[in-house]
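Trainee: Hi, I have just opened this one and could use a guide. Can we go through it together?
Mentor: Happy to, let's bring it up.

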Amino acid sequence: KQWYQRRVAITAGGVLSVTFQTLLLAFLYNCVGHKTTMIIGLAFQVLQLVWFGLGLSKWMMWFAGVLAAASSITYPAISAYASQSADSEQQGLLQGILTGIRGLSNGFGPAVFGLLFFFFHVELDET
């Protein structure tokens, strides 16, 4: 039964992320601009992390997933905002740098926190 719940959660998160990145992102760009959209995405991320950290029940975890999906607007908003500051000849370089930073963060983040969890003997049991 748990494998089924995990699949549903992953699928729902993916569908919600696509929905937020297409509908909400376009709406926010048109209403408040790139910079404010980026800040809203970061606020969703902070709210999701706090909610997940303080969550005590299953429904709270599901809602944290919705907030995480909403925060998926952050990277496209950062890319759009940064591209406004670069010349047309530098767009590829800029997007490459942003993607490289994102890739390094995706790699180093889990590695660093994995070490911290190891050093402080954090158990990640599902019970």
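**Helix pairs and a few residues**

Mentor: Let's start with a helix pair in this predicted model: the axes of α2, residues 34-54, and α3 come within 8 Å and cross at roughly 165 degrees.

Trainee: What hand does the crossing of α2 and α3 have?

Mentor: α2 passes α3 in a left-handed crossing.

Trainee: And which residues make that contact?

Mentor: From α2 come F44, L47, Q48, W51, F52 and L54. On the α3 side you'll find W59, M60, M61, F63, A64, L67, A68 and A70.

Trainee: Let me zoom out. How many helices and strands does the chain have?

Mentor: Five helices and zero strands. Reading from the N terminus, the order is α-α-α-α-α.

Trainee: What box do the C-alpha atoms fill?

Mentor: Roughly 55 × 35 × 25 Å, taken along the principal axes.

Trainee: And what share of the chain is buried?

Mentor: Buried residues are 19% of the 127 residues in the chain.

Trainee: What about contacts between residues 24 or more positions apart?

Mentor: Those account for 60% of the chain's contacts with a separation of 6 or more.

Trainee: Back to helix pairs. At what angle do α4 and α5 pack?

Mentor: About 150 degrees, with the axes of α4 and α5 10 Å apart. The two are therefore roughly antiparallel to each other. Their crossing is right-handed.

Trainee: Which residues meet there, and what classes are they?

Mentor: Y75, I78, S79, A82 and S83 of α4 meet Q91, L94, Q95, L98, T99 and R102 of α5. By class, the contact of α4 with α5 has five nonpolar residues, five polar and one charged.

Trainee: Now some single residues. Where does S72 lie?

Mentor: S72 is in the loop between α3 (58-70) and α4 (74-83).

Trainee: Does S72 count as buried or exposed, and why?

Mentor: S72 counts as buried because its relative accessibility is 16%, and the cut-off for buried is under 20%.

Trainee: What does S72 touch?

Mentor: Leaving out residues up to four places away in sequence, S72 touches S17, F20 and Q21. With Q21 there is also a polar contact, side chain to side chain, at 3.3 Å.

Trainee: Next is G103. Where is that one?

Mentor: G103 sits in helix α5, residues 91-119. G103 counts as partly exposed, at 41% relative accessibility.

Trainee: How far apart are G103 and Y29?

Mentor: In sequence, 74 residues separate G103 and Y29. In space, they are 25 Å apart, C-alpha to C-alpha.

Trainee: Last one, H121. What is its phi?

Mentor: H121 has a positive phi of about 55 degrees, although H121 is not a glycine. Most residues other than glycine have a negative phi.

Trainee: Where is H121 in the chain, and is it buried or exposed?

Mentor: H121 is in the segment after α5. With a relative accessible area of 65%, H121 is exposed.

Methods: Residues numbered from 1 in each chain as written. Predicted model: local features only at pLDDT ≥ 70, side-chain atom pairs only at ≥ 80, totals over all residues. Heavy atoms only, no water. Helix = DSSP H or I, 4+ residues; strand = E, 2+ residues; numbered from the N terminus. Buried < 20%, exposed > 50% of the residue type's maximum accessible area, 1.4 Å probe, protein only. Polar contact = N/O pair within 3.5 Å; in protein donor to acceptor, adjacent residues only side chain to side chain. Contact = heavy atoms within 4.5 Å. Axes fitted to C-alpha atoms, helices over the stretch in contact; angles between N-to-C directions. Left-handed = near helix turned anticlockwise from the far one by under 90°. Parallel < 35°, antiparallel > 145°, perpendicular 65-115°, else oblique. Nonpolar A, V, L, I, M, F, W, Y, C, P; charged D, E, K, R; others polar.
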